[in-house]
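I opened a new page for this chain.

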Amino acid sequence: MKQYLLSVYHPEDAAPPADPEQIMRDVDAVNSELQAAGAWVFGGGLFPSSTATVVRLSGDNVLATDGPFIEGKEHIGGIWVIKAPDLDVALDWARKAARACRIPVEVRPFQEEV
């Protein structure tokens, strides 16, 4: 089976959701369903992009700087890595995830190992 990355995109300055406890229950239900189906690899939420540290090469030096790599209105707020036989099945899981999170979920396949 292929592995897919489901990235949850959070708006940076959005107001908190009306019912965050319900969202967490819905996300937990998707997690349980993924696990029961054998599609779960791992997943988790991330702290805000303001907590990010970027490590980059500059000549012979490796520098660490505060903040997200790219300034933007949305950043990845959480991820799932799942196993699915094909993109259609991965998209079905992403639909469930987007309904649970109430925000966009991007689906990308991992490259095949060589």
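Which residues have the most contacts inside the largest nonpolar core? I noted first that the model is predicted. I then found a core of 20 residues, in which Y4, L6, L34, W80 and I82 have the most contacts.

Next I looked up where the core residues come from. At least two are supplied by each of β1 (2-11), α1 (20-37), β5 (74-84), α2 (87-101) and β6 (105-109). The most come from α2, which gives six. I wrote a general remark beside this: in soluble globular proteins, nonpolar side chains tend to be buried together.

Leaving aside neighbours within four places in sequence, I listed G78, I79, W80, I82, W93, A94, V105, E106 and V107 as its contacts.

Then I turned to the helices. How do α1 and α2 pack? I read an angle of about 160° and a distance of 8 Å between their axes. On the α1 side I recorded I23, D26, V27, V30, E33, L34 and A37 in the contact, and on the α2 side W93, K96, A97, A100 and C101. Sorted by class, this contact has nine nonpolar, three charged and no polar residues.

Last, I checked the strands. β1 runs antiparallel to β5, and ten bridges join them. P11 has E74 in β5 as its bridge partner. β1 also runs antiparallel to β6, with five bridges between them. There I found Y4 opposite P109 of β6. Y4 was already on my page as one of the residues with the most contacts inside the core.

Definitions and conventions. Residues are numbered from 1 along each chain as its sequence is written. This is a predicted model: local features need pLDDT of at least 70, side-chain atom pairs count only at pLDDT 80 or more; totals for chains, interfaces and linings use all residues. Side-chain values use heavy atoms; hydrogens and water are left out. A nonpolar core is a set of buried Ala, Val, Leu, Ile, Met, Phe, Trp, Tyr and Cys residues joined through side-chain atoms within 4.5 Å. Buried means under 20% relative accessible area, exposed over 50%, partly exposed in between (1.4 Å probe, protein chains only). Helices (H or I, at least four residues) and strands (E, at least two) are DSSP runs, numbered from the N terminus. Contact means heavy atoms within 4.5 Å. Axes are lines fitted to C-alpha atoms, for helices over the stretch in contact, and angles run from 0 to 180 degrees between N-to-C directions. Ala, Val, Leu, Ile, Met, Phe, Trp, Tyr, Cys and Pro count as nonpolar, Asp, Glu, Lys and Arg as charged, and the others, Gly among them, as polar. Two strands pair if DSSP finds at least two bridges between them.
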